[in-house]
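Please read the following explanation beside the sequence and the coordinates. It goes from the whole chain to the sheet, then to single residues.

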Amino acid sequence: MGSYYATEVVEILKDAGCLVGENEITDGWWNRSRSSGGFDIYPLGVAWHHTASSTNPNNDLDYMINGSPDAPIGNLLLDRTGMFWPVAAGCANTQGKGGPVTFSRGVCPLDQGNTKLWAIEIANNGVGEAYSKEQIDAAFRGSNALNLHWGNRLDDVVTHSLGSGDGYTSRKIDPATSAAVQGSWQPNSSNSSGTWRLQDLKSECVRRGTVSPPLPGPTPGEDVMLYIAVPKYPGHNNNSEWWAVFSSGAVRRAVNSDVTFASLSNIPQVDQDSKDHDDFLRSIAIKP
Ligand SMILES: [Zn+2]
C-alpha cells in the first residue's frame, strides 16, 4: 500500500493556468483512494478517459465519488467548461485490466493501471458530443503540468482504449470521438468507435509543451487589475485566490510575489465578495 497522495495537484494545476473547483462533494479528495491506498511511486503517466456521461459536474462527481460501486472513479474530473475537479489524490479505480504499457520512467505492468497511472476523466458522452476548445486546452495544459511535476515526459500519456494497439485495454473506447474534438487539434481515430489515436495525442502533448508561450506576467508600466476570489466552499488549502487581469487582456493566477508587488501599488479593483466562485473563475477564463 503506497503512501503518496498527490495533495499538491490543485496547486500544480492552478499554477499552470488551469481552473480548479472544489465543493462539498469533492470534500476529502486529499485523503481519498481505492482500497489499496496511495501511490507507491509518482504516477508513471496520465491516462485520458471520457466519462460516458451526459450530465452536470455535480452529478458526475457524485457518481465518481459516492454513487459507483467502484468509487472513487478517476483522479480528476474535467468538466465541459474546462474546469478540473479533484476526486482522489490516491489511487482510483478506472483502468481495470489492461496493459502492460511502457512509459519513460518504467513499465505499468499488466492490470496495474489503477496504482501506476493518474486518470483524468473528461466529461463527454463518448459517442459524438463535442469536446469544447476550452475543455481540450485544459486537458493538455493539465496533463503536461502533472507529467512535468512528476518527472515524466510530456508524451507519457495513454488512452484507456487499446486503439491502434498502443493504448491500455480492448474493453474500452475512450476517449472518443475524434471527430467531436473542437479547436485547432484534430486527432485521427484509431478504430470505428472514434477513439483518439494515441500517437496524435502524444504528439500534441509535446507540441503544446514546446511551442506554447508561458503564461504572461506583468510588464513594467502595464496596468493590472487584481481580484480576490473567495471560494463559496472553503475547500482544502484554498481559502482565497488572487487573479491578475492585465491591460493587455492577459489573465493569470497571481502568486504571492505578485500580490506583494501589487500591495505596494494602487489596486484598481478588488472584488472581495464574489457571489459564485466558480462563475467568477470562468468569467476570467485563461487567455494565452
Ligand atoms: Zn476510461
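The paragraphs below describe the chain, its sheet, its helices, a hairpin and some local backbone features.

This is a predicted model, in which local features need pLDDT of at least 70 and side-chain atom pairs count only at pLDDT 80 or more, while totals for chains, interfaces and linings use all residues. Residues are numbered from 1 along each chain as its sequence is written. The average pLDDT of the chain (the predictor's confidence in each residue, from 0 to 100) is 87, and 82% of the residues score at least 70. Over residues 264–274 the pLDDT is below 50, and this stretch has 16 contacts in the model beyond near neighbours in sequence. Where pLDDT is low, the predicted coordinates should not be read in detail. A contact here means that the C-beta atoms of two residues, placed from the backbone, lie within 7 Å.

The chain holds 7 helices and 11 strands. Both are DSSP runs numbered from the N terminus: helices are H or I with at least four residues, strands are E with at least two. Of the 288 residues, 45% are buried. A residue counts as buried if 20 or more other C-beta atoms lie within 10 Å of its own, as exposed if 12 or fewer do, and as partly exposed in between, with C-beta atoms placed from the backbone. Among contacts with a separation of 6 or more, 68% are between residues 24 or more positions apart.

What is the strand order of the open sheet? Its 6 strands run β1-β4-β3-β7-β2-β8, with mixed pairing. Two strands are said to pair if DSSP finds at least two bridges between them. The edges are β1 (19–20) and β8 (157–159), each of which pairs on one side only. Strand β2 (residues 45–50) pairs with β8 in the parallel sense, over 3 bridges. Within this pair, Trp-48 has Thr-159 of β8 as its bridge partner. Helix α2 packs on the sheet, where it touches β3, β4 and β7, and its direction makes about 155° with that of β3. Helix α4 (residues 133–149) lies across β2, β3, β4, β7 and β8 and runs at about 170° to β7. For these angles, axes are lines fitted to C-alpha atoms, for helices over the stretch in contact, and angles run from 0 to 180 degrees between N-to-C directions.

Helix α2 (residues 57–67) can be taken residue by residue. Its buried residues are Pro-57, Asp-60, Leu-61, Met-64 and Ile-65. They lie on the same side of α2 because they cover an arc of only 110° around the axis, the arc being that of the directions from the helix axis to the C-beta atoms. These buried residues pack against β3 (76–78), β4 (83–86) and β7 (117–122). On the face turned away from the buried side, α2 carries the exposed residues Asn-66 and Gly-67.

Leu-117 belongs to strand β7. Is Leu-117 buried or exposed? Leu-117 is buried, since 27 other C-beta atoms lie within 10 Å. Leaving aside residues up to four places away in sequence, Leu-117 touches Pro-43, Leu-44, Gly-45, Ala-47, Gln-95, Cys-108 and Val-158. One of these, Gln-95, is 22 residues from Leu-117 along the chain, and the C-alpha atoms of the two are separated by 8.4 Å.

A further pair of strands is formed by β10 (residues 241–246) and β11 (residues 251–253), which pair in the antiparallel sense over 3 bridges. Trp-243 stands opposite Arg-253 in β11. The two strands form a hairpin with 4 residues between them, and Gly-249 in the turn has a positive phi of about 100°.

Some backbone features remain. Most residues other than glycine have a negative phi, and most peptide bonds are trans. Ala-52, in the loop between β2 and α2, is not a glycine but has a positive phi of about 60°. Ala-52 is partly exposed, with 16 other C-beta atoms within 10 Å. Asp-111, in the loop between β6 (106–108) and α3 (113–116), likewise is not a glycine and has a positive phi of about 65°. Asp-111 is partly exposed, with 14 other C-beta atoms within 10 Å. The peptide bond from Ala-71 to Pro-72 is cis, with omega near 0°, and Pro-72 sits in the loop between α2 and β3. The bond from Ala-176 to Thr-177 is also a cis peptide bond, with omega near -5°; Thr-177 lies in the loop between β8 and α5 (198–211).
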